Amino acid sequence: MSFLVKNLPLFFTIFFLLFNSSIAIYNIKNYGAKSNGKIDSSTAFMSAWDAACASTSPSTIYIPQGSYLLKNAYFQGQKCKSKSITLRIDGTILAPSDYNVNRNEENWIKFERVNGISIYGGTLDGQATSLWACKTSSNNCPQGTMGVTFSNSSNINIIGLTSQNSQMFHILVDNCENVKLQGVKISAPGNSPNTDGIHVQYSSRVTIMNSRIGTGDDCISIGPGTSNLWIENIECGPGHGISIGSLGWELQEPGVQNVTVKTVTFKGTQNGLRVKTWARSSYGFVKNILFQHIVMMNVQNPIIIDQNYCPNNENCPHQGSGVKISDIKYRDIRGTSATEVAVKFDCSKKYPCSGISLEDVNLSYKNQPAEASCANAGGRAFGFQKPNSCLWFN
């Protein structure tokens, strides 16, 4: 029994490849890919994609064990005949270790206008150590590329993917609908800049479950135009926590609504549950948010709403945030804070937060009750409260 469990990926692959006779299979090695991690296999990847895309039946692109160097790849789906394309990855896909190779690119791997894409297993390695070192010591560095981007796509299923050491965001979901990420593992050093784990924006019906994320930035960041997002059973750390925002940079910006975050453990992160908006005019909003069953382990800012975000006082001095925040529920939040103020609601003077609900909050600091700080924040508190609520009733 233990042998079977240990080798489930192998058994799954054998079953998948041998017993799905109705599925067209395209092995990248048959298109010239080399598994030594040294020879660029971009052409092989694109050729396999073109073949799978042209198939009239469900198709699978197979990446066997080994390491495959991929300069970059843009997978276009608008002309695909196949309505179901699967990438089964048993190997590791490597980005160039020289950051200048993709200096002028925004994305390393991008799926554009694809309907019905599944990715199973495998590792994506951005090899970004040299870029991070450059950013630390010099200003003459490229911004870096996103790890894997899904843009203007729908019906996406990602299971068991590992992404590590991306130059920028590891996974970007942009203008997509019906996306499921399960069993994802994302890792980068805690001091690696702008390496968000998963960023979602302008997208609806996205689910992120049963995943471990540790980076130098947000584990999960939620951008404008996001709705019906479900996040559950996540381990986050190191990193900056789970953030809604930053929002409100644009005046005409769609809001964020209907977001559920539950059963999450934060370990040593800069923030836990954060909402962040620029201190400038905007018609954006945040509403109908639920944070539930959350464990904080030595988190610097366990619960925080920051509506006065303005790094270096540039582009927003003396302005208040126009983003309207309402109907945010915090239920069963417990653990330890690394700072004395464990709950901080710093809301907009122009549009105070309303409808905040705190229910059964138990946060301590050095074995003592933590503190709460409120500005322009209204709502109600129920059940156990440590620290005592500072919300004004509304």
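**Exercises on aromatic rings**

In this predicted model, the count of aromatic pairs comes to 8.

**Exercise 1.** Determine how the rings of Trp-49 and Phe-75 are arranged as a pair, and where the two residues lie in the chain.

*Solution.*
Step 1. The ring centres of Trp-49 and Phe-75 are 5.0 Å apart, and a pair requires centres within 6.5 Å.
Step 2. The angle between the planes is 45°. Planes under 30 degrees apart count as stacked and those over 60 as edge-to-face, so the remaining pairs count as tilted. The pair of Trp-49 and Phe-75 is tilted.
Step 3. Trp-49 belongs to helix α3 (residues 42-54) and Phe-75 to strand β5 (residues 73-76), so that the pair links distant parts of the chain, 26 residues apart.

**Exercise 2.** State whether Trp-49 and Phe-75 are buried or exposed.

*Solution.*
Step 1. Buried means a relative accessible area under 20%.
Step 2. Trp-49 has 1%, and is therefore buried. Phe-75 has 4%, so it is buried as well.

**Exercise 3.** Classify the pair formed by Tyr-330 and Phe-345, and locate its two residues.

*Solution.*
Step 1. The centres of Tyr-330 and Phe-345 lie 5.8 Å apart, with 45° between the planes; this pair is tilted.
Step 2. Tyr-330 is in strand β26 (residues 324-337), and Phe-345 is in strand β27 (residues 341-346), 15 residues apart.
Step 3. Tyr-330 is buried, because its relative accessibility is 0%. Phe-345, at 1%, is also buried.

**Exercise 4.** Identify the ring over which Lys-276 lies.

*Solution.*
Lys-276 lies over the face of Tyr-309, 4.3 Å from the ring centre.

Conventions:
Residues numbered from 1 in each chain as written. Predicted model: local features only at pLDDT ≥ 70, side-chain atom pairs only at ≥ 80, totals over all residues. Heavy atoms only, no water. Phe/Tyr/Trp six-rings, centres within 6.5 Å; stacked < 30°, edge-to-face > 60°. Helix = DSSP H or I, 4+ residues; strand = E, 2+ residues; numbered from the N terminus. Buried < 20%, exposed > 50% of the residue type's maximum accessible area, 1.4 Å probe, protein only. Lys NZ or Arg CZ within 6 Å of the ring centre and 35° of its normal.
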